Amino acid sequence: MVDPAAEGMDRQRRRDVQEGALRGLVDRLLDAGGMQAGRLRDSGVTSGGDVTLDELHKLPTVGKRDLWEHYPHGLRAVEADEIVCVHGSSGTGGRPTLIPYTAHDLGIWAEVVARALGGAGATNRSVVHNAYGYGLFTGGVGIHHGAIRLGATVVPMSGGMTERQVRLVQDLRPDVLTCTPSYAIHLGEAMAAAGVVPTSLKVGVHGAEPWTHEMRLQIERLLGIRALDIYGLSEIIGPGVACESLDSEGMLNIAEDHFYPECVDSDGLPVPDGTPGELVFTTLTKTGMPLLRYRTGDVATLAPPVEGSQRTLRRMSKLLGRNDDMLVIRGVNVFPTEVEAVLLSDGRVLPHYLVVEDRRVAARAELRVAVEPVAGADPIELRAALDAALRERLGIGCDVRVLEPGSVPRTEVGKARRLVRWTEGPAPLPGLA
Ligand code: DLL
């Protein structure tokens with residue numbers, strides 16, 4: 001643990017600290033005025049003393065739409081001169097969101113990412129090859145802050161220019177790779193093609209896009225590393241909201257001293273641990289744009305800490321998906337990650353695929369899946385096996401197409417696009433029509 005006092009705090013004591021921070025947050029929001037203050041007053045809250053963690057679920061929520069409506073300065077809660085940078089998401093598929101950070105917020109960010117890297121086994125002697133994109137996107141800069149806080153050496157590669165990345169992995173011998181899971185595959189394949197074995201790499205810290213345990217196995221095999229998951233979103237801080245550690249048993253430790261998690265059903269009511277629901281986060285300590293009960297749209301389950309672990313943080317599962325990526329096919333709800341899990345558990349499928357929701361006839365949506373086979377696999381047998389496996393796991397038939405290797409576009413920069421909605425016009429990929 002990088003910060004044993006915080007990560008290993010006695011659970012009752014942490015709850016007291018969180019409750020104090022929640023009350024402080026509510027006071028700050030009320031003082032700042034604006035939308036969140038208005039909603040709090042409308043729900044009868046006039047000071048932090050009126051709220052408790054036990055009744056947090058009764059307080060108003062904030063959503064992405066609220067941020068869009070307050071573009072470009074967001075729900076800033078401090079004077080402009082306290083803001084030291086902005087980050088955000090480019091808003092592919094939606095509108096951009098910008099998040100203002102104070103110097104205090106950057107300190108929190110560095111700390112939670114340092115903890116995440118430390119939990120993955122990185123130390124101040126580590127070399128971190130950081131291939132998340134640098135820019136407005138929080139991936140590159142967020143990992144950068146955390147690696148420096150840890151005292152490691154960060155190599156600020158950003159995304160793309162893969163040949164150069166292969167070269168620097170050979171030359172600088174990093175032990176930690178940070179990038180999206182899809183880029184880890186791309187880089188691994190590029191190294192294999194160049195005959196480079198990345199013997200220095202020990203661990204990868206991957207996130208920013210949905211990926212399954214089956215994808216994890218592919219990355220681990222290709223790169224010879226442990227591949228861990230890191231989760232976050234710019235609205236809350238960026239990467240570091242939660243992260244797997246070597247001993248967190250496949251789930252992600254939530255930095256709940258800064259970001260208080262809830263998990264709610266479609267009516268906004270809390271669900272018990274282990275039941276999938278939408279994640280809602282409250283930024284207990286942030287100052288630039290603090291958010292009370294931000295609805296993420298991300299679906300996961302919550303869980304207590306690992307029994308007997310020194311780390312006492314609550315955990316979340318890998319993301320099952322996003323509310324808006326859920327497919328409804330003939331009345332059956334399917335997340336693209338469920339499709340990925342089926343595809344990649346067949347050793348004949350390469351980790352490049354595309355899920356297409358064919359909505360050209362709106363009332364009769366169909367699922368089409370494009371995959372690429374490993375060398376030597378029989379496409380006809382593979383198609384039949386995947387058809388059967390998808391039907392068995394998801395309860396619906398899918399139209400599987402086995403395409404030539406290289407047909408599915410690779411993502412060198414940014415987040416992989418694994419789901420396409422086809423409403424009209426030509427097929428999103430040749431061979432899918
Ligand atoms: O993707 C922050 C980040 C950067 C996280 C690098 C991890 C590593 P945004 O661009 O604002 O921020 O996108 C946030 O990405 O609401 C999720 O839907 C998705 N997401 C982030 N991490 C994961 C993950 C960054 N580990 C949105 N697994 C979130 C699945 C993820 N989805």
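Reader: How many aromatic pairs does the structure hold?
Author: The structure, a predicted model, holds 2 aromatic pairs. Rings of Phe, Tyr and Trp (its six-membered ring) pair if their centres lie within 6.5 Å; planes under 30 degrees apart count as stacked, over 60 as edge-to-face and the rest as tilted.

Reader: Are the rings of Tyr101 and Trp109 stacked or tilted?
Author: That pair is stacked, because the ring centres of Tyr101 and Trp109 are 5.1 Å apart and the planes are at 25°. Both residues are buried, where buried means under 20% relative accessible area, exposed over 50% and partly exposed in between (1.4 Å probe, protein chains only).

Reader: What about Tyr231 and Phe281?
Author: Their ring centres lie 6.2 Å apart with the planes at 35°, so this pair is tilted. It links distant parts of the chain: Tyr231 sits in strand S7 and Phe281 in strand S11, 50 residues apart. Tyr231 and Phe281 are buried. Strands (E, at least two residues) and helices (H or I, at least four) are DSSP runs, numbered from the N terminus.

Reader: Why is S11 largely enclosed?
Author: Strand S11 (residues 277-283) has 7 of its 7 residues buried, so the rest of the structure largely encloses it.

Reader: Which way does S10 pair with S11?
Author: Strand S10 (residues 259-264) pairs with S11 in the antiparallel sense, over 6 bridges. Two strands pair if DSSP finds at least two bridges between them. Phe259 stands opposite Thr283 of S11.

Reader: And S12, how many bridges join it to S11?
Author: There are 4 bridges between S11 and strand S12 (residues 294-300), and the two run antiparallel. Gly277 has Ala300 in S12 as its bridge partner.

Reader: New topic: which residues come nearest to the ligand?
Author: Asp229, Ile230, Ser234, Asp298 and Lys415, out of 20 residues around the ligand. A residue is near a molecule or strand if one of its heavy atoms lies within 4 Å of it.

Reader: Which atom of Ile230 lies 2.6 Å from the ligand?
Author: A backbone N or O atom, and the ligand atom there is a nitrogen. A polar side-chain atom of Asp298 lies 2.6 Å from a ligand oxygen, and a side-chain N or O atom of Lys415 is 2.8 Å from an oxygen atom of the ligand.

Reader: Which strand gives the most to the shell?
Author: S7, with 5 residues.

Reader: How are residues and atoms counted here?
Author: Residues are numbered from 1 along each chain as its sequence is written, and side-chain values use heavy atoms, without hydrogens and water. In this predicted model, local features need pLDDT of at least 70 and side-chain atom pairs 80 or more, while totals for chains, interfaces and linings use all residues.

Methods. A polar contact is a pair of N or O atoms within 3.5 Å; within protein, one must be able to donate a hydrogen and the other to accept it, and residues adjacent in sequence count only if both atoms are side-chain atoms.
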